[in-house]
Amino acid sequence: MPVSKKQISNAIFILFIIILLFTPVGFQVKVFVNKLLSFSPSTIEIDEQEKLKSYNWLLVNNKGKSIDFKNEKGNIVVVNFWATWCPPCVAEMPSFQELYDDYGDKVTFLFVALDDKEKVAEFILKKGYSLPVYYEVNNRSKQFNASSIPVTYVLDQKGNIIVEKTGAADWNSTSFRVLLDGLLVD
C-alpha cells in the first residue's frame with residue numbers, strides 16, 4: 001500500500017508537535033513565542049486594588065540569608081513567582097534583569113523560585129543574571145496564591161497590590177518604568 005502525500009504531511013505535523021512538546025528545542029520555541037507575546041503589564045484600577053493583609057512571610061536565598069517580608073512594609077516591592085521549567089517565566093527574565101539593573105537599589109525585588117535550588121543556581125549562573133532569588137520558608141499571604149506561574153505582584157508603599165500579572169510580560173517597558181518612577185516620586 002503506497003503512502004499518500006496526506007499521510008506524509010500528517011506524520012511530519014505529528015513529529016513537529018512531538019518535538020515542540022517533549023524536547024529542549026520545543027522549550028526554546030515556547031520561550032521565544034512567549035517573548036513575542038509579552039506586553040507591558042497594566043495596573044489594577046484604583047477601586048479594585050487590595051491592600052496586602054499579611055506580611056507574615058519568611059524567605060531564604062541560596063546562601064541561607066533570610067528575609068522577613070515584614071521589613072518590606074512601606075517599600076515598593078516586586079514579587080515574582082517563577083521556575084526554570086516554565087517557558088513564560090524564562091521568557092520574561094531578561095526584561096526583569098534589565099529592570100533590576102536600573103531599579104534594584106530603589107525597589108525591592110523578590111524572585112521566588114518554585115523549583116529545585118540547584119537547577120535555579122545553575123540557570124542563574126548560565127544566564128549571567130544577578131536577580132535576587134529566594135525560596136519560601138513558610139506560607140505566603142493568601143493574596144499571593146495564584147494558580148499558575150509566572151505571576152508577579154507589585155506593591156506600592158502603602159501595601160496596595162497595584163499590579164497582578166499572570167503570564168509573561170515585558171517588565172522593562174517604558175510604561176512600567178513610568179509607573180515605578182511615579183511611585184518613587186510619591
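The model is predicted. The protein chain has five helices and eight strands, and buried residues make up 44% of its 186 residues. A nonpolar core of 34 residues is the largest, and a second, separate core has 17 residues. The whole structure holds three salt bridges.

**Overall fold**

- Along the sequence, the elements of the protein chain follow the pattern α-α-β-β-β-β-α-β-α-β-β-β-α.
- The C-alpha trace of the protein chain spans about 75 × 35 × 30 Å along its principal axes.
- Among contacts in the protein chain with a separation of 6 or more, 70% are between residues 24 or more positions apart.
- The protein chain exposes about 10,900 Å², and carbon and sulfur atoms supply 58% of that area.

**Nonpolar cores**

- In soluble globular proteins, nonpolar side chains tend to be buried together.
- Within the largest nonpolar core, of 34 residues, the ones with the most contacts are Trp82, Phe111, Val133, Trp171, Phe176 and Leu180.
- At least two residues of this core come from each of strand 4, helix 3, strand 5 (108-113), helix 4 (117-127), strand 6 (133-136), strand 8 (160-166) and helix 5.
- Helix 3 gives the largest share of this core, with seven residues.
- Beyond its neighbours within four places in sequence, leucine 180 is in contact with Ile76, Leu99, Tyr103 and Val107.

**Nonpolar surface patch**

- A nonpolar patch on the surface is formed by Phe13, Ile14, Phe16, Ile17, Ile18 and Phe22, which together have about 630 Å² of accessible area.
- Phenylalanine 13, one of the patch residues, is found in helix 1 (residues 5-22).
- Phenylalanine 13 counts as exposed because its relative accessibility is 52%, against a cut-off of over 50%.

**Salt bridges**

- Side chains of opposite charge can pair when their charged atoms come close.
- Aspartate 102 and arginine 177 form a salt bridge, with their closest N and O atoms 2.5 Å apart.
- Aspartate 102 lies in helix 3 (residues 87-103) and arginine 177 in helix 5 (residues 174-185), so this pair ties together parts that are 75 residues apart in sequence.
- Aspartate 102 has a relative accessibility of 40% and therefore counts as partly exposed.
- Arginine 140 pairs with glutamate 136 in a salt bridge, and the closest N and O atoms are 2.7 Å apart.
- In this pair, arginine 140 counts as buried at 19% relative accessibility, whereas glutamate 136 counts as partly exposed at 28%.
- Glutamate 50 and lysine 53 also meet through their side chains in a salt bridge, at 3.9 Å from N to O.
- Here glutamate 50 counts as partly exposed at 42% relative accessibility, and lysine 53 counts as exposed at 69%.

**Threonine 84**

- Threonine 84 is found in the loop between strand 4 (77-82) and helix 3.
- Its relative accessible area is 15%, so threonine 84 is buried.
- The side chains of threonine 84 and aspartate 115 are joined by a polar contact of 2.3 Å.
- Not counting residues up to four places away in sequence, threonine 84 touches Phe27, Val90, Asp115, Lys119, Val120 and Phe123.

**Valine 60**

- Valine 60 sits in strand 2 (residues 58-60).
- With a relative accessible area of 15%, valine 60 is buried.
- Valine 60 and tyrosine 135 are 75 residues apart along the chain, yet their C-alpha atoms are separated by 5.3 Å.
- Leaving aside neighbours within four places in sequence, the contacts of valine 60 are Lys65, Ser66, Val133, Tyr134, Tyr135 and Val137.

**Cis peptide bond**

- Most residues other than glycine have a negative phi, and most peptide bonds are trans.
- The bond that joins isoleucine 149 and proline 150 is a cis peptide bond, with omega at about 0°.
- Proline 150 is placed in the loop between strand 6 and strand 7 (151-155).

Note on methods:
Residues are numbered from 1 along each chain as its sequence is written. This is a predicted model: local features need pLDDT of at least 70, side-chain atom pairs count only at pLDDT 80 or more; totals for chains, interfaces and linings use all residues. Side-chain values use heavy atoms; hydrogens and water are left out. A salt bridge is a side-chain nitrogen of Lys or Arg within 4 Å of a carboxyl oxygen of Asp or Glu. Buried means under 20% relative accessible area, exposed over 50%, partly exposed in between (1.4 Å probe, protein chains only). Helices (H or I, at least four residues) and strands (E, at least two) are DSSP runs, numbered from the N terminus. A polar contact is a pair of N or O atoms within 3.5 Å; within protein, one must be able to donate a hydrogen and the other to accept it, and residues adjacent in sequence count only if both atoms are side-chain atoms. Contact means heavy atoms within 4.5 Å. A nonpolar core is a set of buried Ala, Val, Leu, Ile, Met, Phe, Trp, Tyr and Cys residues joined through side-chain atoms within 4.5 Å. Patches are made of residues with over 30% relative accessible area and no salt bridge: like charges are joined within 9 Å, nonpolar side chains (Val, Leu, Ile, Met, Phe, Trp, Tyr) within 5 Å. Accessible areas come from the Shrake-Rupley method with a 1.4 Å probe; for residues, only the protein chains shown count as cover.
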